[in-house]
Amino acid sequence: MSSVYRQINELKEQLEYHNYRYYVLDDPEVPDSVYDKLMKSLMALEEAYPEYLSQNSPSQKVGGYALRSFSEVVHQQPMRSLANGFSKEELEGFDRRIKEGVGQDESLIRYVAEPKLDGLAVSLRYENGWLVQAATRGDGKTGENITQNMRKVLGGATQLKGDSVPQVVEIRGEVFMTKENFSKLNNIQRRKEKKLFANPRNAAAGSLRQLDPAITKARPLNIYCYALGEVIGAEIPSTHWESLEWIRALGLPVTSLAKLVDGVEGALEYYNHILDQRDDLPFDIDGVVYKVSRLDWQNDLGFTAKAPRWALAHKFPAEEEITTVENIEIQVGRTGAITPVARLKPVFVGGVTVSNATLHNQQEMSRLDIRIGDHVIVRRAGDVIPEVVSVVLSQRPDDVRYFVFPKTCPVCESPVVSEEGGVIARCSGGLFCSAQKKESIKHFASRKAMDIEGLGNKLVDQLVDDKLIDDVADLYSLSVETISSMERMAEKSANNLFQALEASKQTTLARFLYALGIPLVGETTAETLSLYLGDLAAVMSADEEQLINIPDIGPVVSLSVMAFFEQPHNKAVIEKLLAVGVSWPPVEKITEMGESIFSNKTVVLTGSLSMPRSDAKALLKSLGAKVTSSVSSKTDYLIAGEDAGSKMDKAQQLSVEVLDETEFLRLSSSDVSTLGHVPED
C-alpha cells in the first residue's frame with residue numbers, strides 16, 4: 001500500500017469523523033478553517049492521483065454530508081439581466097429601436113414570446129452529451145458551482161439525447177418551484193417549526209443553493225430552458241425559435257407557452273393572453289419576455305453593460321394589497337438623504353412578504369396624508385422597492401397618530417437641510433454623521449471602488465464604533481497592531497487587511513472619484529469625468545459650464561459634483577488621502593478631435609494585447625469609435641492580439657478588416673503609454 005493511498009484514507013477518515021460531529025451531533029471539534037484545510041489537502045491529492053479518487057470520497061459525496069462552500073464558475077459568455085418595460089409605450093419604443101438597429105423600419109419584427117418565470121437563472125454546460133458543470137448566474141460574470149445539486153433537479157437530463165449532440169453546449173434555464181409544491185414545502189417547514197419561505201422563488205433558490213445535494217433532491221424543483229450559450233462542434237440554429245426546438249430535441253424541458261409573434265400587436269396579444277392565465281398557471285410569473293428571433297440580428301444589436309438590446313421583459317401590472325402602518329421611522333442614507341419609511345404589518349404582495357415601504361420624502365407624505373395606524377394600499381412592481389400608493393381614508397381608525405418630520409438628524413442631531421425646492425432633505429452632518437460615515441467607508445472599500453479586500457461591513461462598523469477611524473483617509477493610518485487588537489481579528493487577518501489597504505493605494509482616477517461617494521456619480525459618470533477632465537484638480541475646480549459640456553453630464557449632476565468639492569471637509573479628506581500615498585497613473589485626456597479612421601466605426605477587440613483591454617477601449621472611444629463585444633456584418637474593424645479565437649474566424653468569414661496591434665497604434669496616431677486604466681463595460 002503506497003504512502004499516498006494511506007494519506008488519502010487518513011484524510012477521508014478525519015473528514016468523515018468531523019462531518020459526523022458537525023452534521024449529526026451538532027458538536028464540531030474543529031473550526032471551519034481546520035476542516036477546510038483537510039478537505040483542500042484531500043482534493044489536491046485526488047487531483048494529483050486520480051486513480052485513488054472514489055465516488056464515496058467526502059470530496060465527491062452526493063446525497064450524503066453537505067459541502068461547506070460552492071466554488072466559483074466564470075461564465076464563458078456573460079449571463080446578463082433583462083431590460084424591463086411596464087407599458088405599451090415602452091414596448092413600442094423597444095420595437096422601434098430594434099427596427100432602427102437592424103434597418104427594417106417597415107417590416108414586422110418576429111419575436112419569441114415566453115412567460116417570465118420567477119425563479120433562479122442557471123447555466124448548464126454539457127460536454128460530449130454529459131452535464132459537466134452547472135452554475136448560478138451570480139453577478140453575470142461569475143456564479144456558484146451547483147453541479148451536484150442540478151444533477152438532482154435534471155435527473156435523466158444530465159445526459160443529452162438525439163443525434164445532434166454537440167461537443168460543447170451551454171444551455172441557460174430557470175429553476176423554479178410550482179405553487180403547489182411551495183405550499184407543501186411550507187407545510188413541512190411549519191410542522192418542523194422551521195422558518196417558512198416567503199415565496200416560491202425564494203424556496204427554489206434556497207433549495208438549489210443547499211450545500212447538501214440530498215436536501216436539494218428532497219425539494220420539488222423544476223427547470224425550463226430558454227437559451228443557448230457557448231456551442232462548439234455543431235451548427236448553431238439561425239433563429240432563437242429554432243434554438244428552443246433544438247434544446248427540446250436534446251431532451252431538456254422548454255415551456256410549451258413560448259410562441260412566435262409578429263410585431264407590437266402580436267406581442268401585446270400574447271401579453272394579455274398570458275396575463276389572463278396568470279393566476280391559473282402552476283408557477284409564478286411576473287411578466288413575459290420578448291426576444292428577437294433572428295440570431296444574426298441579436299448579434300448585430302449586441303448588449304448594453306447590463307442587458308441585451310434584443311430582449312425586453314414586459315412586466316405585469318403592479319400587485320397591490322392593503323395593510324396597516326404600525327410606525328413611521330427615518331432612515332439616513334450614505335449621502336445624508338433623509339427618507340421616511342413606513343413599518344407595515346407584514347403582507348404578501350408582489351411575490352414577497354413586505355414589512356417596510358418607502359414614503360420617499362416629506363412632500364409625498366403630505367400628499368398621502370399618511371398617519372401611524374392608517375390602512376394603506378401597498379404596491380410592489382417587479383423588483384422596485386415597495387411603496388405606499390394611497391391611504392384608505394374610509395377605514396381610518398380614530399386613534400391614528402401624526403408623524404412629525406424631524407428638523408434634526410435622528411443619528412447625529414445635525415440640522416436637516418432641504419434642497420430641490422424642499423423635496424429632498426439631507427442631514428448636514430456630512431461625513432461626521434455616523435450613519436453616513438459608516439456607509440461612505442463601506443462604499444469606499446467596495447470592490448468597484450478602492451477594492452479593499454477583507455474590509456467587510458461588520459469590521460467597518462467596529463472601526464467607527466471604537467473610534468479607530470473617523471473618515472475614509474483614516475483607514476490608511478491603521479497599523480497591524482491596531483487591527484489585530486480588535487475583536488475576532490487574528491494577526492494573519494490583520495496582516496492581510498493591512499496589505500490590502502496598502503495595495504489599494506494604487507488605483508485609477510475613475511475608481512477614486514467613484515469611491516468618494518459623490519451623490520449621483522456612479523461608475524460610468526466617474527469614468528467620464530476622468531477621461532474628459534484628465535486629472536483630479538480639474539475635476540475639483542470644474543465649473544458648471546465645463547461639466548455640462550461633458551457627454552452625459554447634465555445640470556443636476558454638475559451641481560452635485562460642484563457642491564461636493566465645495567465642502568471644506570471633503571477637500572480635507574481628499575488631501576489626507578493623497579498625503580498617505582493614494583495615487584493613479586496619468587490619464588490621457590479626451591480632447592475634441594477631427595475625423596479619424598475610427599470615427600463612427602464599429603470596432604471589436606479580441607486576443608491578448610500588450611496594453612490593458614480597458615485602455616484600448618478608451619483610446620478607441622476617444623477616436624470616435626463604437627466598441628462592441630461581438631463580430632457581425634456591421635463590424636468595421638477587428639483589432640486582434642495574440643491568441644485570437646473565434647472572433648477572428650468570424651471576421652474573416654464576413655470579410656471584416658483585421659488589424660494587428662501595431663497597425664492599430666499606427667492608425668490611431670496616439671501615444672497610449674500614459675493612458676489611465678478605465679473599468680471595462
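1. E174 touches L117, D118, G119, L120, A121, N222, I223, Y224 and Y226, leaving aside residues up to four places away in sequence; contact means heavy atoms within 4.5 Å. The structure is a predicted model, in which local features need pLDDT of at least 70, side-chain atom pairs count only at pLDDT 80 or more, and totals for chains, interfaces and linings use all residues. Residues are numbered from 1 along each chain as its sequence is written, and side-chain values use heavy atoms, with hydrogens and water left out.

2. E174 belongs to strand β7 (residues 168-176). Strands are DSSP runs of E with at least two residues, helices runs of H or I with at least four, both numbered from the N terminus.

3. E174 is buried but has no salt bridge; R201, the nearest side chain of opposite charge, is 5.8 Å away. Buried means under 20% relative accessible area (1.4 Å probe, protein chains only). A salt bridge puts a side-chain nitrogen of Lys or Arg within 4 Å of a carboxyl oxygen of Asp or Glu.

4. The E174 side chain does reach the backbone nitrogen of G119, at 3.1 Å.

5. T508 sits in the loop between α15 (491-504) and α16 (509-515). T508 counts as buried because its relative accessibility is 10%. Its side chain reaches the backbone nitrogen of R511 at 3.1 Å.

6. Mean pLDDT (the predictor's confidence in each residue, from 0 to 100) is 84 for the chain, and 89% of residues reach 70 or more. Over residues 22-28 the pLDDT is below 50, and this stretch has 13 contacts in the model beyond near neighbours in sequence.

Key
Buried means under 20% relative accessible area, exposed over 50%, partly exposed in between (1.4 Å probe, protein chains only). Lys and Arg count as positive and Asp and Glu as negative; His and the chain ends are not counted. A polar contact is a pair of N or O atoms within 3.5 Å; within protein, one must be able to donate a hydrogen and the other to accept it, and residues adjacent in sequence count only if both atoms are side-chain atoms.
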